[in-house]
Amino acid sequence: MINQNERDSTFDISPEQFRKLGYELVDQFSMYLDAIGELPVTSKKSVETIREAIGQGSLPVAGKSIEEVWEGLPRLLLDHSLINGHPRFWGYIMGSPSPEGALADMLASMINPNMGGWDLAPIASEIETQVVTWLADLIGYAPDCGGLLVSGGAMANYTAFLAARRAIAGNEVRETGLREIDQQLTVYASKETHTWIQKAADLFGIGTNYIRWLATDSSDRILTSALREAIDEDISHGYRPFIVIGTAGTVSTGAVDPLNDIADICEEFGLWFHVDGAYGAPAACLPSQSKLFSGMERADSIALDPHKWLYAPFEAGCTLVRNKQALLDAYSYRPLYYHFDENAGLNYYEHGFQNSRGFRALKVWVNLQRAGRDGYEQMIGDDIRLAEMLASEIQKHRELELKSQNLSIVTFRFYPKNEQGKHLDDEELNALNQKIMAKIQRDGKAFFTNAVINGEFLLRVCIVNFRTSRRDIEALPGLVASTGSEIHAGTSEN
Ligand SMILES: *Cc1c(COP(=O)(O)O)cnc(C)c1O
């Protein structure tokens, strides 16, 4: 109803109602943080159970009261979620989120700036610009680079990829598309590259057939001889090599490609050098790792992912581009309906895919201020030290085989050494290890995932988690071995 002075609308709740609701939520989450280590990591409920929990009613016709909607909502989510902030969560590559990051997200939503245009988000845009500079500084990249925050690592890579396409193929490509370019563009990446590369080749008209999957050495790093050969061969066939992807921390084993050598080759052939540092780039802040990442500072663009090793809640990715102009060249159009102040700061809609944009930068800014360089060195360094510790415990264990440890990723498998165990072939070992992983996940005692390397199904622990303690890590080899023995002996319902 529209009265003279006041409108009666559902969402115009009173400050008192807001305060009560907010305090209750914060109270519940404080209790959650207090008990986080004692909860099962996941309760692995069936899809039917979960659908039942939310009810399968149709769209409500009449709205509900605050109490009806909110009562029990945090509990509902906590009881049916995978808790990736749990100290024993080591699956895929997911950061444990800082609780302050969550509060920053709420603050960002309350202010609700639209980060598409500076006029619409004056201080928020400046905070984003500072976050970009600080992230570059943290990982040793030129702080005067361009860049912006995006939803995650895949999007950070796409954003750089299109900028590279525009930079190499020229401005006409924006108007004519690739069909008018007389040479087929080709892409170089190792077979360990994350699957974003296929989506990018498809999305931006290159075609996945024109990704050259480079061979890797025994440590999963690009063989630069293979890169050189592939480029030479493509040139001799009249193709136009345009981008090389170096990964700084591969998804399976955390390998870092020989970035300096790749940079040399890119320089020699005039190619765009992109580093996918979605997982590993933040580790470049550690003096002890600087040699490993040497050459990353020479990249034309870098993708990184604050929602992984910088412990921001989802979503936060970041694209950095050495030449600021490259993003504008690829993304800027100036429609008549925008009248932003020319003399203000950056209008981020001109720097990437999104138009309206949320204030992701705030939680990253808060985290960067809270931790500082020292704090990140400490937390990331501790994650790596825990991975080293785990690797050495595994090595000492008779029935566990260590396969790799790079950065904070450890791969290994259970291999029973009793009379029956000795005769297991690879296929049986694969099946056994799959069951071990599934059982430990289902029991909620810990959560790790897998890698498949040379046909071997390996258990894979990735520690991107500031809550993991030594005790959590020390308990793991025993848990894996005892679970494995039970399953192998048939005493466990795998
Ligand atoms: C995680 C990851 C991605 C994808 O990032 P999202 O945040 O999941 O989109 C890409 N590349 C690497 C190396 C990654 O580790």
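What follows is a working chat about helix packing and salt bridges in a predicted model.

Biologist: Let's start with packing, at H13 and H15. At what angle do the axes cross, and how close do they come?

Modeller: In this predicted model, the axes of helix H13, residues 361–396, and helix H15, residues 470–489, come within 9 Å and cross at roughly 25°. Angles under 35 degrees count as roughly parallel, and H13 and H15 are therefore roughly parallel to each other.

Biologist: And which hand does the crossing of H13 and H15 have, left or right?

Modeller: The crossing of H13 and H15 is right-handed.

Biologist: Which residues meet there, from H13 and from H15?

Modeller: From H13 the residues are Leu386, Met389, Leu390, Glu393 and Ile394, and they meet Arg470, Ile473, Leu476 and Pro477 in H15. Sorted by class, the residues of this contact of H13 with H15 are seven nonpolar and two charged, with no polar ones.

Biologist: OK, now H14 against H15. What is the crossing angle there?

Modeller: The axes of H14 and H15 cross at roughly 115° and come within 9 Å, and H14 passes H15 in a right-handed crossing.

Biologist: Which residues make that contact?

Modeller: On the H14 side they are Leu432, Lys435, Ile436, Lys439 and Ile440, while H15 contributes Leu479, Val480, Thr483, Gly484, Glu486, Ile487 and His488. By class, the contact of H14 with H15 is made up of six nonpolar, three polar and three charged residues.

Biologist: Lys439 is on that list. Which residue does its side chain meet in a salt bridge?

Modeller: Lysine 439 meets aspartate 443, with a distance of 2.9 Å from N to O. Both residues lie in helix H14, residues 426–443, where they are four residues apart, about one turn of the helix.

Biologist: How many salt bridges does the structure hold?

Modeller: The structure holds 26 salt bridges. Another of them joins the side chains of lysine 20 and glutamate 24, at 3.3 Å from N to O. Lysine 20 and glutamate 24 are four residues apart in helix H1, residues 15–35, so they are separated by about one helical turn. Glutamate 24 is partly exposed, with a relative accessible area of 38%.

Biologist: What about arginine 373, which partner does it meet in a salt bridge?

Modeller: The side chain of arginine 373 meets that of aspartate 137, at 3.2 Å from N to O. This pair links distant parts of the chain, since arginine 373 is in helix H13 and aspartate 137 is in helix H6, residues 122–139, with the two 236 residues apart. Arginine 373 counts as partly exposed at 35% relative accessibility, and aspartate 137 also counts as partly exposed, at 40%.

Biologist: Changing topic, where is aspartate 234 found, and is it buried or exposed?

Modeller: Aspartate 234 is found in helix H10, residues 224–236. Aspartate 234 is buried, because its relative accessible area is 5%.

Biologist: Which residues does aspartate 234 touch?

Modeller: Leaving out residues up to four places away in sequence, aspartate 234 touches Thr186, Tyr188, Arg212, Tyr239 and Pro241.

Note on methods. Residues are numbered from 1 along each chain as its sequence is written. This is a predicted model: local features need pLDDT of at least 70, side-chain atom pairs count only at pLDDT 80 or more; totals for chains, interfaces and linings use all residues. Side-chain values use heavy atoms; hydrogens and water are left out. Axes are lines fitted to C-alpha atoms, for helices over the stretch in contact, and angles run from 0 to 180 degrees between N-to-C directions. Angles under 35 degrees count as roughly parallel, over 145 as roughly antiparallel, 65 to 115 as roughly perpendicular and the rest as oblique. A crossing is left-handed if the near helix is turned anticlockwise from the far one by less than a right angle, and right-handed if clockwise. Contact means heavy atoms within 4.5 Å. Ala, Val, Leu, Ile, Met, Phe, Trp, Tyr, Cys and Pro count as nonpolar, Asp, Glu, Lys and Arg as charged, and the others, Gly among them, as polar. Buried means under 20% relative accessible area, exposed over 50%, partly exposed in between (1.4 Å probe, protein chains only). A salt bridge is a side-chain nitrogen of Lys or Arg within 4 Å of a carboxyl oxygen of Asp or Glu.
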